[in-house]
Structures are given as structure tokens and as C-alpha cells.
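Please open the model in your viewer and keep the sequence panel beside it. The tour below goes from one selection to the next and says what can be found at each stop.

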Amino acid sequence: MLRILAACFAAALAACAGAPAAEELREVAPGVSVFGASVGGLTSEPARSQIQRAFARPIVIAYAGQTFSVSPTQLGAKAGVDAAIRSALSATPRSTIGLPVTFSQAAVQRLVSTLAWRYDRKPVSATVKGANASGPVFQPARDGVEVLKDAMEAEITHELTGGSRAPLRLATAAIAPAKTQTRFGPVIVVNRAENTLKLYDSQRLIRTIPVATGQSIYPTPPGIFKIVDKQKNPWWYPPTYDAWAHGLKPVPPGPDNPLGTRWMGLSVPGVGIHGTDEPTSIGYSASHGCIRMHVPDAEWLFNRVATGTPVVIE
């Protein structure tokens, strides 16, 4: 009798071991989806594979014809697949089940910082590259680009936890340059052949002023310069490097000062725009390289330009 009972018990254990768990045999109701993956009609293990594949899809960020991909694991993301499967198995037909997701916020921030390093670009202001009969000629300005970090962190977080995995467009903002060719400010153009100085506001002519420029043996240098020094009632000091000034002494401010009452020094040694104590030289090539003006004209110009103002000498 004992041998018969033992045999029956062993047979029952073998039968139980060979039968799958009831949970594993249950199917998810039709039309149920988890994290964008359709799991309706599937048992737990096939559903698990579908969910894991959906979660593992990379996040794709697009910008200017380029794409940047990152996997969820690179962002420290983990999914609560077991909990999602339990919810799916008990869900009603056509339910949408969420997937619990955790991730590293620091990793997301590092990703966004990498995107900013790659795509941020500083704005470039317009610069003066010459002049023609119409006035100053500019190298055009260029807008800058800034990655909007807070917006990108929010969008990446939504993709990690939401499941759509639609390509993200990099969130950026344009940064306007400080100066454009239509909003540039004062520009001076000196024409040596005509002995004129023209002041422009960007490309709009403000005033044409007669000047004296350099003699043939002391020519005013051509090129693109800028005002680097401004002085009211300056002293005049004889240039030690020129033979014509040997023996001359400094002249204090006053009516006999060769610089008049205003000095605007340029970014070329020894050359500036200034008034003069020789008003009859205006209109001629008569200076030692500087640009002379009538004293009232020099005072007017002095009040309308700053250090850094471009000066084109043709």
C-alpha cells in the first residue's frame, strides 16, 4: 500500500512540474499597448520582449540636416517591465499601459551640454571692409545660435518616459549680433584725392567735411583703421622720428596748437584726425600724414564718434 501511495505522489509531482504556470498562459486582452508596443493577445514572455524592444529604441535629435542618437541605457534609464506586464494582463481591451521608467537627470544634463558644445555658435557682428562711391562696404553680420538647455532636458525626459521615440528637433534660439550693416553706427570715410571726410551712420551719409591730407612725401596711409584715442585740448609733441620736427618743442593747448582743440588718434602710429592752426591748408594735400579739419568741424566730429569707430582711408 505504501509503495502504491508513493508512486501516485511522485506521478502527481511530475505532472505539476511539466505544466506551465497559469500566469504564463494568460494572454493580454486585445488591443492593449505598453510604451507604444502592441501586446494584445500575447502571453507574458512575448509581451516582455516587445516592451523591452520598444524601450531600447534610441532617442534621435535632429538639427541642420544632422542627427544625434543616444540609447536609454546611456542616460541611466531603467524600465519596470514586470509591473507593466502585470498591469497589461489585468487590463481591459484596447487599454494603454504606462511603463515605469527611472533615469539619471545628471546624464540628461550632460547630453544637453554636449549638444550645446557642438551646436552653440556666437554671433558675428558686421565689419567694415572698405568703401565705394556709395559709402562704407560691410562684411555682413551673422546670427548666433544657442541651444535651449531647459527645453531640451524637458523634451528628452518626455521621450524617455513617454515612449513615442519620435525624432526630436533641437531646440535653439537665434542670437542677434551687436552690429549689422544697417545698425552699425558711425563710420568715417576719408577720400585723399578729393580731400574730404564723410561721416556715415551705417550706410547713411550724415555730413561731408573738407580736410587736408598728407603731402606726397608724407602721405596719409590708405587702409581701414579705427579711432583709438580721443583728447580735448591736446598738447602737441614733435614726432621724434621725423626730420622735419627736429628742434621743435611741445606746444600746449591754445590758438597756436597744430592740433587745434581736438585729437582723434588712429590705429596707425602718428596719424590722427584733428583741428589745425593752419585753416588755409584745408582742401589740399598739405599735412605730414594726418587729416586736418577746421577747428569747429573737428569739435563737431569729436562729439559724434567714439574710440573704436572705423576709419576708411582711400
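Select Gly-265 and Gly-272 to begin: Gly-265 stands opposite Gly-272 in β19, and three bridges join β18 to strand β19 (residues 272-274), the two running antiparallel. Strands here are DSSP runs of E with at least two residues, helices are runs of H or I with at least four, and both are numbered from the N terminus; two strands pair if DSSP finds at least two bridges between them. This is a predicted model, in which local features need pLDDT of at least 70 and side-chain atom pairs count only at pLDDT 80 or more, whereas totals for chains, interfaces and linings use all residues. Residues are numbered from 1 along each chain as its sequence is written, and side-chain values use heavy atoms, with hydrogens and water left out.

Stay with this hairpin and select Gly-270, which takes a positive phi near 80° in the hairpin of β18 and β19, where five residues lie between the strands.

Five of the five residues of β18 are buried, so the strand is largely enclosed by the rest of the structure. Arg-262, Met-264 and Leu-266 are buried on one side, while Trp-263 and Gly-265 are buried on the other, so that both faces are covered.

Which strand holds Leu-266? Leu-266 lies in β18 (residues 262-266) and, at 6% relative accessibility, counts as buried. Show its contacts (heavy atoms within 4.5 Å): leaving aside residues up to four places away in sequence, Leu-266 touches residues including Phe-225, Ile-227, Val-271, Ile-291 and Ile-313. Thr-307 is 41 residues from Leu-266 in sequence, yet their C-alpha atoms are 9.1 Å apart in space.

Next, select Arg-262 with Phe-302: the charged end of Arg-262 sits over the ring of Phe-302, 5.4 Å from its centre. The rule asks for NZ of Lys or CZ of Arg within 6 Å of the ring centre and within 35 degrees of the ring normal. Lys-179 is placed over the ring of Phe-184, with its charged end 4.7 Å from the centre.

Of its 42 residues, Val-34, Ile-61, Leu-75, Leu-99 and Ile-156 touch the most other members. Helix α5 gives the most to this core, with seven residues. A second, separate core of 22 residues includes Leu-197, Val-271, Ile-291 and Trp-300.

Finally, look for aromatic pairs, in which rings of Phe, Tyr and Trp (its six-membered ring) have centres within 6.5 Å, with planes under 30 degrees apart counted as stacked, over 60 as edge-to-face and the rest as tilted. By this rule the count comes to four. The rings of Tyr-63 and Tyr-119 have centres 5.1 Å apart and planes at 65°, so this pair is edge-to-face. Because Tyr-63 lies in strand β3 and Tyr-119 in helix α5, the pair ties together parts that are 56 residues apart in sequence. Both Tyr-63 and Tyr-119 are buried.

Terms used. Buried means under 20% relative accessible area, exposed over 50%, partly exposed in between (1.4 Å probe, protein chains only). A nonpolar core is a set of buried Ala, Val, Leu, Ile, Met, Phe, Trp, Tyr and Cys residues joined through side-chain atoms within 4.5 Å.
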